[in-house]
Amino acid sequence: MGNNDKSQTPKTPTAKSGSGDPPAEHYMSPPAPLLALFQTHASFLLLGHENPDGDAVGSALALGHMLRGMGKQVSVAFPTPPPDWWAHMPGAEMVTEQPLQAPDVAISLDCDDISRLDHLTDAYLQAPYRTEIDHHTSARCSCEVCYIDPEASAVGVLIHRILTAMHRPLTPEIATCIYWAIATDTGFFRFANTNAEALRVSAQCVAAGAHAHGIARATVGSRPLAHLILKGRALADLKQYLDGRVLLTVVSMQDFAAAGANRTHAEGIIDDIRLAPDVDVYVLFKAAGANDCWQVSLRSGVIDCAELARRFGGGGHAQAAGFSLDGTLADGRRHLLDALADVLPKQTDE
Ligand SMILES: [Mn+2]
């Protein structure tokens, strides 16, 4: 849960339980000091993690639209470029490589550690007011006002709660960005974090103008050829370890070069690997721009991936996490497999 003192925030019932009513949902309300920041200040720099995903981009743009609607100055920046499809999101022009200088408030979104802001970390730290809005179980709050709820399926859900608490309208632009954030972070409503709030907020977004089919087509319904070739190479190289309990593959610099692919083209490969049944842990080693520098993704319904990733200096969610490793592939793989052998529950022989 990190050092999130906002866990004391009272939970808000969103539906009454009773005969015929759905069970009550309870969630952590946005802290009042956060809402006061939005009301009081004039300029905002919104930041997301490196290799931003749909939740990082969608939640930043949704919040950007809300703040612009309140007459505020907004710029949005990421340490590395978002996937190709982000340009279809309303408000894409808010994303800049030259972020606003001297903003009143800097906001880190969907980022469990501000070091993941990479070269933008200084811009974040220099702002007089800072806040972090996140839903990672490994989130570490580094400022006075944080809004971190690991029970939220996506940061997009937290932006919707903020919008509601601020009595701001769910415009078609905001609805589109929030739907995009939730849909991508839940794997289009397939992953374990798909809950009633995610579905209810998504339905409200569709009613407010989000084009569900168009968003699915733009993100998962069409992939660049380079992604398909890269995925083909990764799937062809799948290997089983620890009596088949671990399924692992590698995307090397040679794979990127042969596929004509960049790093964003590796997005989603892990989701195809996890389709294999009867596996406890799915692992992807991805070359991170240089030899002997790896980005490792973990997926599991059996072990706590965030906990394991923390051992290697990373973080994430219980079912999905990642970390970076320096060194040879053989060493990194051996260290990880040793750690997995340690944390995987012992199997009882039938
Ligand atoms: Mn997220």
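**The metal site and the sheet**

Tutor: In this predicted model, the manganese ion is coordinated by Asp 55 (OD), Asp 110 (OD), His 135 (NE2) and Asp 185 (OD), at 2.2 to 2.3 Å.

Student: What makes these atoms donors of the manganese ion?

Tutor: A donor is an N, O or S atom within 2.8 Å of the metal. The coordinating atoms lie at 2.2 to 2.3 Å, so they count as donors. In sequence, the donor residues follow the spacing D-x54-D-x24-H-x49-D.

Student: Why is the pair Asp 110 and His 135 said to tie parts of the chain together?

Tutor: Asp 110 sits in the loop between strand 5 (105-109) and helix 3 (121-126), and His 135 in the loop between strand 6 (129-134) and strand 7 (145-148); the pair therefore links parts 25 residues apart in sequence.

Student: Are Asp 110 and His 135 buried or exposed?

Tutor: Buried means under 20% relative accessible area. Asp 110 has 2% relative accessibility and therefore counts as buried; His 135, at 1%, is buried as well.

Student: Why are strand 8 (239-241) and strand 12 (315-316) called edge strands?

Tutor: Six strands form an open sheet of mixed pairing, in the order 8-9-10-11-13-12. Strand 8 and strand 12 each pair on one side only, and are its edge strands.

Note on methods:
Residues are numbered from 1 along each chain as its sequence is written. This is a predicted model: local features need pLDDT of at least 70, side-chain atom pairs count only at pLDDT 80 or more; totals for chains, interfaces and linings use all residues. Side-chain values use heavy atoms; hydrogens and water are left out. Donors are N, O and S atoms within 2.8 Å of the metal (3.2 Å for Na, K and Ca); water is not among the atoms, so sites may look incomplete. Helices (H or I, at least four residues) and strands (E, at least two) are DSSP runs, numbered from the N terminus. Buried means under 20% relative accessible area, exposed over 50%, partly exposed in between (1.4 Å probe, protein chains only). Two strands pair if DSSP finds at least two bridges between them.
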